[in-house]
Structures are given as structure tokens and as C-alpha cells.
Number of protein chains: 2
Amino acid sequence: MLCKKMVFAGRPSRPASCLVLASGGRAPAYANSRAFSSSLPRNKERLVILGSGWGGYEVLRAIDKERWNVTMISPNNYFNFTPLLASCAVGTLEFRCATEPVRRYSPEVVAYQAWCDHIGKPCQRFGEEILILERSATDRFSSETIAMCTLITFSAPGMPATPPLSFETRSAPKADATTTQFPGTGTPFTLTYDKLVIAVGAYSQTFDVPGVKEHAHFLKDVKDARAIRTRILECFEQANQPTISDVERRKLLNFCIVGGGPTGVEFAAELHDLLHTEMERHYPGLTRFAKISMYDVAPQILGMFDESLVKYAEKTFKRDGISIFTSHHVERVEPGKLFVKEQGEVPFGLLVWSTGLAPNPLVQSASDVKKDLKTSSIITNDHLNVLKEDGTPYSDVWAIGDAAMIEDARLPATAQVANQKAKYLTKKLNRLVKDKDSPKPFEFHNQGSLAYIGNWKAIYDRSGTGNNVMNKETGRLAWLLWRSAYFTMTLSVRNKILVPTYWFLNWIFGRDLTRF
Amino acid sequence: MLCKKMVFAGRPSRPASCLVLASGGRAPAYANSRAFSSSLPRNKERLVILGSGWGGYEVLRAIDKERWNVTMISPNNYFNFTPLLASCAVGTLEFRCATEPVRRYSPEVVAYQAWCDHIGKPCQRFGEEILILERSATDRFSSETIAMCTLITFSAPGMPATPPLSFETRSAPKADATTTQFPGTGTPFTLTYDKLVIAVGAYSQTFDVPGVKEHAHFLKDVKDARAIRTRILECFEQANQPTISDVERRKLLNFCIVGGGPTGVEFAAELHDLLHTEMERHYPGLTRFAKISMYDVAPQILGMFDESLVKYAEKTFKRDGISIFTSHHVERVEPGKLFVKEQGEVPFGLLVWSTGLAPNPLVQSASDVKKDLKTSSIITNDHLNVLKEDGTPYSDVWAIGDAAMIEDARLPATAQVANQKAKYLTKKLNRLVKDKDSPKPFEFHNQGSLAYIGNWKAIYDRSGTGNNVMNKETGRLAWLLWRSAYFTMTLSVRNKILVPTYWFLNWIFGRDLTRF
């Protein structure tokens, strides 16, 4: 039977805080309440998308809503435009510029804001799985939030091709009530699908270094960007207290970044820009205490870039006063302290942790699915269908993005790959009725990599793509490419207006340093 | 001796959360650390401004920085443009549109982000008073924030005219360590002044109704607006859960407002606009459960407006389905429940509380200052000088804004009055060297009152101002006045560009419903 035991949901950021809401542009019929939308068309097949990141959001955006009943399940009711998060974290852009609401395409789509932490044991019914949703602990006023559970029932072959989208309430199974991840307060419901797209992404990798989850900031979500912005300003306000010593000031204004990938590098660059423009102006005596330090276990930063570009970036950083400690190992993190094997104790005011991806626990716990031994990603065929353990594909289930990889074709876990896979899959899904022929297998077209390295400079690498023109580019031209790249990407018109407005305003008036 | 026992600091919003940072555009010389700014001019008199609201910020903005060494002490590092908060709370505008950073005018001004809760007993030194600053409890990452205390030493007559701005650290006095307001972890410092402007504002009035501080939202600060916006979206997400009953949906989507003043009315109007545009589109089955209810103890809302305008507003609200319960008394608030004397238990999803102003505890605890018996406001003469208990004025201390009132001239506690007083005072302070003559006493010029009542309509009242043209206005023309009014007000160029940009974008694309 088809994918009997596969249920997932996205968790794009750190596991500490999680959200327990479910909602829909239009909700289907209810077991225990008057349906508030009875006009849901019954003559379409149901497509369920798990996750609203680069993969899931692109499918949501481009899918033919005339052809499909689309349901999206994601812990966020928005898509994170990740390349702009570093800019948001230092105030170059407003947070909302880096998000797109998933309900933009309503009322055609149903969106459930839901968080899953757990795949329960199969219940009595055929193929049922349980998603446990935790309660949001972030808001002061959310104490009344009702936690809830989601059940996704997989379509069984004996069922009609388009069974009515139905929800069934029942109490949560007792077996799970003892686990810490199970809040035990919610009411589960059942959701059936015809086609499923798994785009749940990955977690931040911490390599099990103690204290990282508690004391470091990640940079995967707009909430992370907001927390970082607040913390930077807080560090400066604290350092400006007249009663603290210069030693304390140096500690507070040491900004550490662990992980020399593009995220870490771009954040360091943006932070450097902030320190040497607005901060210098508004806290004139303090920037001389400020320091940016970047750590990586690898012998060089920006591993995926060409060596000459890395050299250029390192030289630029060095001239800017950003310290790069490669081949350094962080052993543990305590409040305001980092313990580096090669350096001992390093005090910091802000620690940003960006050392790559860890498997999504939901993917990890999935059974009868072929998974990569190293990364625990779901293995798909080159048509992106999820494979069973014996290697045969599930015909109605696809996996894209950081949670998935194609068998024998290791592509980088980037937004570009996720986005191209989503585009490929959407074409296929939109065509499914009109053209029964199987489309060509997925092929990745490398558009090159861009990274901002500060002071209006960037690096651009397209070597290895078979394109001989503009293989590598550095400096201002690459910066222009970097900026203009965003306008061809998944941004709404609204944000295509807002982003340059903020760039312009902040160029003229400086970044806003209001802390609230 | 001059104002021996007066020390205050602003607390613009609810007392529950408070902030403990001190900072400065440039900091003065330190007792225990190397000064990081030694270029502070010594040849100017020192003006200290307490509070960054309508009074304090206007003084900061317009004061002659060539003439004065300006130091601002405020718990926020920004000014709240309060008339836009209701718009921010429903997503018509971005939060940052309603704030202006106090450091915009640095490096000429020194700004300390500091929070005072307490005036201690006079210490051994002449005229010293202690401000106790509490710790911010809002941010996850602020746990390391160092709480601190501020001492303001009042200039003594025997001291030189412009003593060096000095900070002196010492441990907090033991006498206060037992009070709950005293964190006991900070290091106090002493700050002297030549002239002092008290513009600390007032608190939200709760009439000691139990549960208000815990379960209601105020709308005095941009942080309040953010919390309300989050809560509105949360209510809709919760109500959209397929497993909850319609009764629960009605409870969650009952939006209650207590207080029928302009703040409450404008919020109700903005919320109504939101419910009947974006919410109707994105949660199509839900808005029929939504309800806005407004409560007031008075027999009518908008007490300060002309009766015909109130009738117009009430009629508009009635047609819009906003319920107005005048002469109703809220007895207590519990999580999700309001207890109204006339109605019994009223469940709600969001409660916004806006019933006027309560005296600032710092003002309350000030001694040797003439205060109003009813409101506890500081009494000033018509030159805005603070009066001693015996009625003689302090020549170097002024009080403006909601914390102060002129003897025998009861003006409304509005932004307009605060702003005009600040303008008057700034003129006086800027002139002090050039023109020794005492300026004319303060005179209030009523520019009329405007309130938005939803659906692109407003009411405008200028009756009683002696101006016979355009005394009263309703509907679209008043709305145009309402909108254009903001462009003549205390907004920076940056926000003068951003505000209409957001108005335009949200008019075209709808408000953003992203919840993060």
C-alpha cells in the first residue's frame, strides 16, 4: 500500500518554540461544528503540501488551483525569503520584506498553521498517522491557545479517487500522552489526500554542542532576524552604561558567528556595515570596542565557492577587521561565553550559529521510506517520487527541498535546488490531467552562487556550470548582481516595491535603531 | 533650595514590563572606566529631559543644541507617534512608521534608556534622589541584562554654574532593597543638571479593576500595537481550527474595547476595516462570527466631541455592527472573560483597555511639589515652571505633558497640549541667553479634535475655538483632514515617505496578515 507510514510537517527553525494553530482559507466540513464553508469543490483531486519554504511555497504559488484542491500545512503562515534575513537582522530591511503570507492565494487554498513533532503508532484505521502539535510559548497572550493534533490519513486504494475532504475529531491516543513532545490538550483530526508534496525542510545543525540551542541565535526565520536585531541594539545599550568597565564593553560587543557558509558570511558583512555606519554615528565611543569573529571547523570559509573568490572574501574581511578563525572547534556554549578548543573561553554579546542543516526529526522517524544514511534525507527518484525501502517509488508522494535528495545525485541543500525542484514538480502536477506521459527527469541548472561580503561588494561564482562567460565576479559588479537577483526571485509585487524603498530610505537616512 | 526632592522618569505604558538599560549618544566621563568620549563641550549649560513622549521628544527635537548640552532619560529609545498606533495594531501601517528614534539628533544629545520606578529617601548629599530601574523581562536573550540605578543630583546653588557632567558609581542604598520595585542588582550613578524638563507622561488608568493589567491590552506604545496585531491574527487562526465549536469561535472573535475615548474609537474603526476587508477575504467563513463591542461607564462615547458628531459616530458604528454599551461597568477581568455589571460574563478573544490616564507613580511620590488633588499631576504656573508646595516656582524646572497641569487652567491631557507646551518651552529655553525678558505666558491654541471612525470616514471638531469656519466636519472630508494632519505633525521625512507608501501598498494589495 502507498506510503503507509509517512506523515510530516515542517519545522523550519529551532525546536524550542513551537506553534499550535491550525487554520484554513476555507475549512472543510466539520464533524462537531457547523461547516463555515460548504462551497469547497468536490470534483478536484486533493493536493496536500507540507511546508511553506522554498519548495512548498513555490508549489503553492505556481500550482494550478483550477486543477487541484490545495491544502498547505506549515507551522508558519508565511514563507521566509531567506536571502534577505541577514539584511533584516541588522535593520537594512523591515522584517515583513522577507516574508510572504501563504494565504495570498486564498480562497483557492486551505492553509493550516500547524506544527508537528511526532509520528505516532499506526492506529486501528488503515494507514493513519498522528502529528502532534505543540503549543506556542512565545506570546504573553497566547496562554489560551488550544493545542491540537493533526491526523493525516493516507488514501487507500479501495477508496474513491476523490473522497470528500473530511475531518474527524477524536481524543489523542493515550500511548503518546507520556512523551514530552505530546501536549495532550489538543483534538486531533483526520485529513485525506490524493497527492502529497513533502517539503518540510531541515533543522539547524548544532552537532550536539551543549548550550547552542539555549544561548545562540539561528538565522533561518524572520523571528530569528528580529531576535538578533533586538539583541544587537541591546548589546550597544548595555555597553553604553556609564558604570560598566571597558572589559565588559569588549565582551558585550564581541559578535561571534559560528559557521563560515554564505549565511554566516552575509550576516558578518551586514553587521560590519551596520557597525561602521549607524552605530559609529549613534554610539561614537563604542564601535572601537566592537569586534566580529567568525569560527569554522573547516580550513576555509565559503566551501562551495571557488578558491580565488574565497581568498578575495577573506582579504576583504581581514581589511574590514572581521576575524576569521578556521579549523577552530567550538566545544560548548554558556550564557555569554563560548568555549573554543584552540582559544579557551571567548566571551560574546551575540552568538549567531549557522553550521548547516540537521535532519528534520519527522523525516528521521518516517518508516518504509528510503533514506540517505549520512543526512537522513528522503531519497527520491529523478522524478522526485519518494522511494520505499525496497526502492520502488510512491507514485503519489513527492519530496523536495532540504528534506529530500535524488538517488545518486547529491545536489547542494540550497534554495535554488528546492525552488527548481518545486518548479519541475508543479509543471508535472499541472500537466497530470492533460498529459499522461511522464515528463523528463529533473535536471538541475546551476545559476551560480552569490554572497554579500560587505561594503557594497559581493562574490559571484558560476564556475562548473558550463557557462564560460562571467564565471566569477567580485566587488561592486557582483554586488549589483546580488541586489538585482532578488527582483527575479519569488517576491511579491508588494515586496518588490518595499525592498528598494527601504534600501533607498536607509541609504539616505540610515538604518532605524529603535528597539521595541 | 531648588527642587530638592524631585526626580522622575517616564513610564509610558503598563507597569508590568520594564526596561533597564542606560545609554548615550555620547557618554560623559566615567568614574570607573576610561571615558569613551572626552570631547563633550564644557562651556554649555546642561538640560536634562525626562521622557520621550509628545512633550519630551518635541523639546529634544527643537532645542538649540548649540546652546545646550542635552541629556534625555527615557525608558524607550524612541518616540511613539501615538495617533498611528491603532493603524499599526491592525496592520495598516508597519510598526516602525509610528516611532522616531531619540538618537536621530545625536551626537549632540546624550540619551539614556532607563526606567525609574521609585524615588528613594534623600541621601547624605544635598538634594540627591534615587531612581530605581527595573529589568526588562520581555526578551529571551535579555537575561544577562544588567539592572541599574540612576541618581540625579540636583544642582546646588553653591556649585559652579556649569559643573562638569559627572557620573559617580556607588552601591544602591540598603533601605530600599526590600521593596519589590528595587531590583538590587544595579549600580547607581549621579547626574547633575542646570535645567530640568519633566515630561514623564502618565500611566494607563485601570480604576483598579482586577485582572486588567494581566489580561487586557493597552494601546500606548508600539509594543502594545505589536501585541494586539499578533493577538488578532492568533484569534483568527485559533477560530479556524476545524475541531472547535461555533460557540468557541464566537468567543474567540469577540473583540472588546473598554473606554469610548478617541483611542478606543479609532481602534474599533480600524479593526472593523480589517475585519471587513482582508479578514473577510482570507478567512471567508469566519468573519460572521466576529464582533466588536465597546464599553464605557459614561452615558456616551467621545465625551470631548460635540454632541452632533457623537451621534454621527454612534450611527456609523451601529450601521457597521459595532456594539456600543454606554453606562456599563466592567467589574473584573479573567483570562478570556470580562465581567460586566449589566451583562454578567462576556467572553472575549481580545480586550483592549483604554480608559484614560492614571498618575505616574514617580510624580505621585515627588515631595515639595504642588500637585493636583484629583489627578496628582504636577501643578505649574502659566510659564510652565513647577511650583513648590507653598506656590513659589522652581525657576529651573519645568513640567509639561500629561504629568503636568497649569494652575487654575485645566487643559485636556492630549498630544496637542503636550506638543504646544513643549514648543513654548523650547522657544523659552532657546531664548534664555539672548533675551533675558520673560516670555509671554503659555496659551493653548485649540486646533480641534479628529477621530477616525472607519470606512474612510472621520469626525472633526473645532467648535469652541473661536473659529467659525469649519467648526465641525464629518465623513470623507474629515477623513482627508485626518490623513493630511499627520503630514504636518512630528514625523521625520523618512516616515513621511513610509506612511503614504504603506497606505498605498495596503490599499492596492491589502494588509499583511503574516504572524511572526
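Two residues count as being in contact when heavy atoms of theirs lie within 4.5 Å of each other. Keep that in mind for the views below, which come from a predicted model.

**View 1. Two domains of chain A meet.** Chain A splits into domain 1 (45-202 + 362-431) and domain 2 (212-356 + 449-509). Where they touch, 30 residues of domain 1 of chain A are in contact with 29 residues of domain 2 of chain A. Together the two domains bury about 2600 Å², and 61% of that is on carbon and sulfur atoms. On the domain 1 side, look for A:Ala89, A:Val90 and A:Phe95: these lose the most area to domain 2 of chain A, together 22% of what that side buries.

**View 2. A look into the nonpolar core.** The largest nonpolar core has 188 residues. Those with the most contacts inside it come from both chains: A:Ile232, A:Phe255 and A:Phe267, plus B:Ile232, B:Phe255 and B:Phe267. Zoom in on A:Phe255 and skip its neighbours within four places in sequence; among the residues it is in contact with are A:Ile232, A:Cys235, A:Phe236, A:Leu271 and A:Leu350.

**View 3. A parallel sheet in chain B.** Here 4 strands of chain B line up in the order β13-β12-β11-β17, making an open sheet with parallel pairing. At the edges you'll find β13 (322-325) and β17 (350-353), each with a single partner strand, so one side of each has no neighbour in the sheet. From one strand to the next, the twist averages 15°. Follow β11 (residues 254-258) of chain B, and you'll see it pair with β17(B) over 4 bridges; B:Cys256 sits opposite B:Leu351 in β17(B).

**View 4. Helices lying across that sheet.** Helix α4 (residues 222-239) of chain B lies across β11 and β17 of chain B, at about 155° to β17(B). Helix α6 (residues 262-282) of chain B lies across β11, β12 (291-295), β13 and β17 of chain B, running at about 175° to β12(B).

View 5. Strand β24 (residues 457-461) of chain B joins β25(B) over 3 bridges, and B:Ile459 has B:Thr474 in β25(B) as its bridge partner.

Definitions and conventions: Residues numbered from 1 in each chain as written. Chains lettered and ligands numbered in written order. Predicted model: local features only at pLDDT ≥ 70, side-chain atom pairs only at ≥ 80, totals over all residues. Heavy atoms only, no water. Core = buried A, V, L, I, M, F, W, Y, C linked by side-chain atoms within 4.5 Å. Buried < 20%, exposed > 50% of the residue type's maximum accessible area, 1.4 Å probe, protein only. Pairing = 2+ DSSP bridges. Helix = DSSP H or I, 4+ residues; strand = E, 2+ residues; numbered from the N terminus. Domains from an automatic or database assignment. Buried area = accessible area lost by both parts, 1.4 Å probe. Axes fitted to C-alpha atoms, helices over the stretch in contact; angles between N-to-C directions.
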